[in-house]
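Colleague: I would like to learn how to read a model of this kind, one feature at a time. Could you give me the general idea first and then the case at hand?

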Amino acid sequence: MASDLCLGVTNQNTFRNCVGSIALPVNQPIVGDEDFTAVATEFRNLIKQSKQITNLRANVNQMANLFEKLDFLPTIEAKQQMLSFFENILLNTFIISYSGQTKLGELEQCIDEMHNLYERNKWAIY
């Protein structure tokens, strides 16, 4: 899930993109309201922890360190090589990401189709 990291930086009015992510593990079967409540409570706790200033700053510092290392590399190829570890990371999950004011034109109907598909099958996902 996308996470706003602005509270973790010194200048909270920055115009830079200060977005990270929170991993919400979907690894429990949900077969009823009690299961749903337990998972939702766990997710709320993870989100609350991620919003603590120390966690926000740690996340921002990790990004800043990566960017600093990238800045010192002499070529685009060297930067691509350093970031190549992302190419083979397999996650048994899906990612919900912030896309801002993206105008998708005709493709916007696909979003509605995904929402409708989810609503029809939401319990089948778990």
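Modeller: Let us begin with contact, which means heavy atoms within 4.5 Å. Leaving aside residues up to four places away in sequence, S50 touches I22, N55 and L56, while D4 touches C18 and L56 on the same terms. This is a predicted model, in which local features need pLDDT of at least 70 and side-chain atom pairs count only at pLDDT 80 or more, whereas totals for chains, interfaces and linings use all residues. Residues are numbered from 1 along each chain as its sequence is written, and side-chain values use heavy atoms, with hydrogens and water left out.

Colleague: How many helices and strands does the protein chain have, and where do D4 and S50 belong?

Modeller: Helices (H or I, at least four residues) and strands (E, at least two) are DSSP runs, numbered from the N terminus. The protein chain has four helices and two strands, in the order β-β-α-α-α-α from the N terminus on. D4 belongs to strand β1 (residues 2-4), and S50 to helix α1 (residues 33-50).

Colleague: Why does S50 count as buried, and why does D4 count as exposed?

Modeller: Buried means under 20% relative accessible area, exposed over 50%, and partly exposed in between, with a 1.4 Å probe and protein chains only. S50 counts as buried because its relative accessibility is 17%, whereas D4, at 54%, counts as exposed. Of the 126 residues of the protein chain, 14% count as buried.

Colleague: Which atom of I47 lies 2.7 Å from a polar atom of the S50 side chain?

Modeller: That atom is the backbone oxygen of I47.

Colleague: How far apart are the C-alpha atoms of D4 and V19?

Modeller: They are separated by 4.9 Å, although the two residues are 15 apart along the chain.

Colleague: Where does I89 lie, and why does it count as partly exposed?

Modeller: I89 lies in the loop between α3 (76-83) and α4 (108-125), and it counts as partly exposed because its relative accessibility is 44%.

Definitions and conventions. A polar contact is a pair of N or O atoms within 3.5 Å; within protein, one must be able to donate a hydrogen and the other to accept it, and residues adjacent in sequence count only if both atoms are side-chain atoms.
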